[in-house]
Amino acid sequence: MTKYNNELFDRLPAEKREKILRVAAEEFALMGYTNIIAEKAGISVGALFKYFGSKENCFISVLTEGLKQLERILGGIMAEKEPILIKIERVIKLIPEYSKHHGEMVRLYFEVTSNGEIESIREFGKKFEGLSAKAYRHIMKEAKKEGLLPADADENVYAFCLDNLFMMLQFSYACTYYQQRKDIYLGERKARNDELVTSQIMQFIKGAIAPGAVNNDKK
């Protein structure tokens, strides 16, 4: 992948690099004014342009970092030698934690995948979706091998459904509109109970792809 940030930025302490990218992600999900990014990151506008060369390169660097995070998370889970239902449960439990600590990246991801007008943004949207699609297709193929899916189940359709469920759950922890939707459906008390939400979603998934597992849980 092309590296847009230059050596000056790379030589900064990790904490400072992370702060700049975090602030930039938050602002790009809103208006993306470089002067505000610089002010909140505690640097000058001149320094920001020294680090990235342009506003577009700064934006691409933020997206690249988000892509790396997604690769690390999904890659780590997919590499584990565990039953598929365990892997799915691990993803579900990670979503609230990640969304709360990296809400700015979730909101930026929402903007990127919602905006198809700019070519560079559209290409990054495809990369994000491509990573998750690959991971969830793998999950469904393994689920079929484990006998959890019918023989005629289409792994791509099942993966698409799983991705949409995960995506909406992620947005419900980071994006105001989707947080409100969760409150409407669950009520504020239940909506704040992460353990309840994730366990019930896991039960829903088991009922969809492994009804036998649900019956075993009740015994």
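Where does leucine 30 lie? Leucine 30 is in the loop between helix 2 and helix 3. What you see is a predicted model, in which local features need pLDDT of at least 70, side-chain atom pairs count only at pLDDT 80 or more, and totals for chains, interfaces and linings use all residues. Residues are numbered from 1 along each chain as its sequence is written, and side-chain values use heavy atoms, with hydrogens and water left out.

**View A. The loop between helix 2 (14–28) and helix 3 (34–41) also holds methionine 31.** Helices here are DSSP runs (H or I, at least four residues), numbered from the N terminus. Leucine 30 counts as exposed because its relative accessibility is 55%, and methionine 31 counts as exposed because its value is 56%. Exposed means over 50% relative accessible area, buried under 20%, and partly exposed in between (1.4 Å probe, protein chains only).

**View B. Helix 6 covers residues 84–101.** Its 18 residues reach 26 Å from first C-alpha to last, close to the 26 Å expected at 1.5 Å a residue; that expected span is 1.5 Å times one less than the number of residues. Helix 6 bends by about 30 degrees at isoleucine 95, with proline 96 following within four residues. The bend is the angle between axes fitted to the seven residues ending there and the seven starting there. Among the buried residues of helix 6 are Ile84, Lys87, Ile95 and Pro96.

**View C. Cysteine 58 and cysteine 175 come next.** Cysteine 58 counts as buried because its relative accessibility is 2%, and cysteine 175 counts as buried because its value is 9%.

Definitions and conventions. Helices (H or I, at least four residues) and strands (E, at least two) are DSSP runs, numbered from the N terminus.
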